[in-house]
Amino acid sequence: MPTPDETAAAPQPLGGADGAPSPDGTAAALPPPGERLAAPSPGPAASPLPAEFVRYAVALEAPELAWGYLNGRLTAADTGTLAFLRRCDLGPGPGEAFARIHARGTDPSPLAAVCREIVDGRTARGDDAEDPRRVWDHLELSHRRSPGGTDGGEAGERQLAAGRREFLLSRAASGRGMNWQDSSALLGTDRPEEVDAAFERGEELVGVAAIGLALTHPDATAILPRVARALDRALESSDPRLRHQGIVALAHTARLHGTVDRRCLDLLRRCPRGNEADDDLWAYVPRRRLPWWLWRHRLGEPPRRWLRRIGRALFGARSGG
């Protein structure tokens, strides 16, 4: 995976004379197809957004990613990073356009050229997909209202909710965010909304996506409710495969984040002992946070008998001394 380079030069915003993107957000103002593109340089109209914010906020389409780079919303390094992640989301075929962007690396001229082709191709075909600029307007508003950004004011609340529905929730609900036929793609799931939508659709591989979320998402509070949902559904339907996938997801969460919640523990108790989650909870979560039934399983004897044996050993040693 490319390493984001915050020092990379941002691409020149293309459009009006003042450096702002064209009002209609199309590729009409881009250089002619035969002209070699110069290396982009910083422009005054927009500051690049960090890839780590964008990847969780929306499910980008290829023309949107390309437009974002051409108009200074992303650095070259972050464009390559997001292209790689989206290529992993979609797999071969559906992710081909993202693979083309990623293959250009961070060399500004070839990267700008392929991005321009992707945006121009969308316009020439008359695609009825969303105007690529609109998702970046939503992302900029979202970033201003994020914990690390500046508050955008109450006036943006409805716009923010509408953009989230359009560019994240609706795409997740329709299955556009991930390739739900490819287990290897789902192991990279990093948006909790994709897992929620998959449960609603009844996707067969939703348990694989729960494992992917546990492996990739940085916040355990976003992972554990989806793991609990997988375990709950598996226990209700007596589905051993989904149960095992939920257990594996819980084990990864314990190993990577060192935590668990009460709901997952209650559901895990109803599963057969000796599983991966039992082992990783015991190894990575502070013991004081673990329930008595897991202590009993790991120690192999009821706690009272175990305590009596320790007491006899201690007092026996003292009396013998």
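How do the residues of the lining of the largest pocket divide into nonpolar, polar and charged? There are seven nonpolar, three polar and four charged ones, where Ala, Val, Leu, Ile, Met, Phe, Trp, Tyr, Cys and Pro count as nonpolar, Asp, Glu, Lys and Arg as charged, and the others, Gly among them, as polar.

A quick word on the ground rules. This is a predicted model, in which local features need pLDDT of at least 70 and side-chain atom pairs count only at pLDDT 80 or more, while totals for chains, interfaces and linings use all residues. Residues are numbered from 1 along each chain as its sequence is written, and side-chain values use heavy atoms, with hydrogens and water left out.

Back to that pocket: its volume is about 260 Å³. Among the 14 lining residues, Tyr-56, Ala-57, Arg-164, Leu-168 and Glu-193 sit closest to the centre. The helices below each supply at least two residues of the lining; helices here are DSSP runs (H or I) of at least four residues, numbered from the N terminus.

| Helix | Residues |
|---|---|
| H1 | 51–57 |
| H6 | 132–144 |
| H7 | 157–173 |
| H9 | 192–201 |

Zooming out, the protein chain has 16 helices and zero strands. Of its 321 residues, 46% are buried (under 20% relative accessible area with a 1.4 Å probe, protein chains only). As for contacts (heavy atoms within 4.5 Å), 68% of those with a separation of 6 or more join residues 24 or more positions apart.

Now for the nonpolar cores, meaning sets of buried Ala, Val, Leu, Ile, Met, Phe, Trp, Tyr and Cys residues joined through side-chain atoms within 4.5 Å. The largest has 43 residues, and Val-227, Leu-231, Leu-250, Val-260, Cys-264, Leu-268 and Leu-281 touch the most other members. Helices H9 to H15 each supply at least two residues of this core, with the largest share, nine residues, coming from H11. Leu-281 touches Ala-254, Val-260, Leu-265, Leu-268, Leu-290 and Leu-294, leaving out residues up to four places away in sequence. Apart from this core lies another, of 30 residues, including Leu-49, Leu-70, Ala-112 and Val-114.

Arg-86 belongs to helix H3 (residues 76–90), and it counts as buried because its relative accessibility is 5%. Beyond its neighbours within four places in sequence, Arg-86 is in contact with Ala-59, Leu-60, Phe-98, Arg-176, Gly-177 and Arg-191.

Note on methods. Buried < 20%, exposed > 50% of the residue type's maximum accessible area, 1.4 Å probe, protein only. 1 Å grid on protein atoms, 1.4 Å probe; cavity = no way out; pocket = protein on both sides within 12 Å on 5 of 7 lines; lining within 4 Å. Points joined across faces, edges and corners; volume = space filled by probe spheres on them.
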